[in-house]
Amino acid sequence: MTILCIPPYTKAMKKYDVLVIGSGPAGEKGAIQAAKLKRRVAVIEKQPLIGGAGLQTGTIPSKTLRETALYLYGMKQRAIYGFHCILGKNVKFQELMHRKDTVVHRQMEVIIDQFTRNDVEIIYGEASFEDAHTLAVRDRQGRVENYQADVILIAVGGRPNRPSEVPFGEPTVYDSDTILQIDTIPSTLTIIGGGVIGCEYASIFSCLGTEVTVVEKQDRLLTFADEEIVNSLSYWMRQSGVVLRLGEEMERIEVEHTGRVVTHLKSGKQVVSEKLLFTLGRSANTESLNLEKIGVKVGKRGRVEVDHEYRTSVPNIFAAGDVIGTPGLASTSQEQGRLSMCAALMQECPVSGPSNILPYGIYTIPEISMVGETEESLTKQGIPYEVGQAFFNEVARGQIIGDIYGMLKLLFHRENRKLLGVHIIGERSTELIHIGQAVLSFNGTIDYFVNTVFNYPTLSDAYKVAALNGVNRL
């Protein structure tokens with residue numbers, strides 16, 4: 001571990017032990033961790049509201065909208081995920097966002113309360129580096145003040161990629177931030193990109209009665225996920241009316257004088273819709289930090305390069321969260337922020353398990369979640385594995401809640417029976433996944449589920465059903 005040599009301060013300015021740029025998931029948890037280690041900490045936030053994109057424009061708003069749609073239109077009592085819902089034509093999109101505002105406001109209160117209880121100061125303004133220990137912060141009135149710290153954490157997050165060939169200036173073309181400002185629910189919507197964001201919004205708008213077309217250049221959606229689970233998701237998306245244009249790539253986008261959006265594909269096809277959502281890629285918010293001045297290495301799309309401790313090429317400067325790239329999850333960003341401050345402040349902190357046991361949650365309809373290896377990754381590694389499956393129609397709780405199409409899938413080693421991966425599609429999969437994650441973290445075997453008593457009736461009981469199914473294949 002590198003020992004920091006701190007030069008003497010030469011100018012009269014406000015001094016801290018740790019400065020954190022950004023108040024999103026990575027910045028929040030990094031600041032709290034540093035404060036718990038008895039350091040004087042300040043968080044610098046460019047926006048007038050704290051919480052970053054995850055709270056203000058991304059994770060929390062989109063997931064709250066999803067739950068609103070599920071609740072209001074009877075999806076909780078669905079037979080086949082309730083895809084037969086139709087909205088009145090006069091319903092305004094912003095009427096559906098009322099609950100989002102309540103949730104965001106409450107979460108902001110929670111973050112501010114945490115900062116207050118841990119004596120973390122909040123400084124509003126845009127930061128840029130003067131040197132490796134000094135930040136110049138410009139407030140909204142244009143006033144500039146300098147701050148110094150022994151350690152600086154870059155947690156400025158990212159934003160949707162906006163290539164010049166996409167006409168974002170048109171009122172009918174959106175990215176994943178601006179889509180939540182849409183005025184009315186469109187009758188038709190084209191989504192460019194079949195990744196996590198694209199699939200989530202396709203599910204939400206389809207539930208709201210929109211005819212959705214997803215354009216994805218890969219041959220399937222969510223290429224990082226288990227193929228069987230993704231095939232099941234694709235089936236249910238099609239059942240809801242979503243048109244999947246797989247293996248197709250956008251060539252150009254044309255906005256007609258009527259406002260209609262025409263997406264021209266390289267295959268010669270055209271997709272016409274009322275609105276368009278572009279969801280391909282994200283860029284880091286590093287352009288105003290002046291990183292080149294202090295020698296911090298930056299890669300593709302402005303992402304900061306870090307080592308395993310989240311240390312940049314400048315020893316006292318760390319980076320965490322979306323600003324360093326994948327996996328770009330709020331949960332992993334929080335942990336990266338925490339661990340970076342443990343490394344920076346020379347403290348022994350509890351560390352995460354191996355990186356391959358990070359859980360993924362995708363809030364499509366139905367939602368899917370995964371942790372550990374996939375069948376594809378195990379096949380490439382030449383690992384002998386077996387599969388255990390449980391369909392929710394075999395589980396009493398699945399019948400009770402009407403989710404008879406969900407599935408839980410366990411992957412385990414044929415020889416030593418060690419659990420290797422868990423994949424779930426269906427109701428509460430993003431909650432259920434943590435049972436499998438816990439077993440993976442202590443290198444447990446499939447027998448853990450066989451020998452464990454689960455409450456009945458619960459969806460968790462699907463773990464035992466899947467384990468017995470897998471053991472019977474040995």
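Q: How many helices and strands does the protein have, and what makes a stretch count as one or the other?
A: The protein has 13 helices and 22 strands, where helices (H or I, at least four residues) and strands (E, at least two) are DSSP runs numbered from the N terminus. This is a predicted model, in which local features need pLDDT of at least 70 and side-chain atom pairs count only at pLDDT 80 or more, while totals for chains, interfaces and linings use all residues. Residues are numbered from 1 along each chain as its sequence is written, and side-chain values use heavy atoms, with hydrogens and water left out.

Q: Why is Leu233 called buried?
A: Buried means under 20% relative accessible area, exposed means over 50%, and partly exposed lies in between (1.4 Å probe, protein chains only). Leu233 has a relative accessible area of 0%, and therefore counts as buried. Leu233 lies in helix 6 (residues 227–239), and, leaving aside neighbours within four places in sequence, Leu233 is in contact (heavy atoms within 4.5 Å) with residues including Leu222, Thr364 and Pro366.

Q: Why is Tyr71 called exposed?
A: The relative accessible area of Tyr71 is 65%, so Tyr71 falls on the exposed side of the cut-off. Tyr71 has its place in helix 3 (residues 59–72).

Q: What makes the pair of Tyr16 and Tyr147 a tilted one?
A: Rings of Phe, Tyr and Trp (its six-membered ring) pair if their centres lie within 6.5 Å, and planes under 30 degrees apart count as stacked, over 60 as edge-to-face and the rest as tilted. The ring centres of Tyr16 and Tyr147 are 6.3 Å apart and their planes stand at 40°, so the pair is tilted. The pair links distant parts of the chain, with Tyr16 in strand 1 (residues 14–21) and Tyr147 in strand 6 (residues 144–154), 131 residues apart. Tyr16 is buried, and so is Tyr147.

Q: Which kind of aromatic pair do Phe454 and Tyr463 form?
A: Phe454 and Tyr463 form a stacked pair, with 6.4 Å from centre to centre and 15° between the planes.

Q: How do you know that the peptide bond between Ile365 and Pro366 is cis?
A: The bond that joins Ile365 and Pro366 has an omega of about 0° and is cis, whereas most peptide bonds are trans. Pro366 lies in the loop between strand 18 (360–362) and strand 19 (368–372). The peptide bond from Thr326 to Pro327 is also cis, with omega near 5°.

Q: Why is Arg301 called partly exposed?
A: The relative accessible area of Arg301 is 33%, so Arg301 counts as partly exposed. Phi of Arg301 is near 55°, a positive value in a residue other than glycine.
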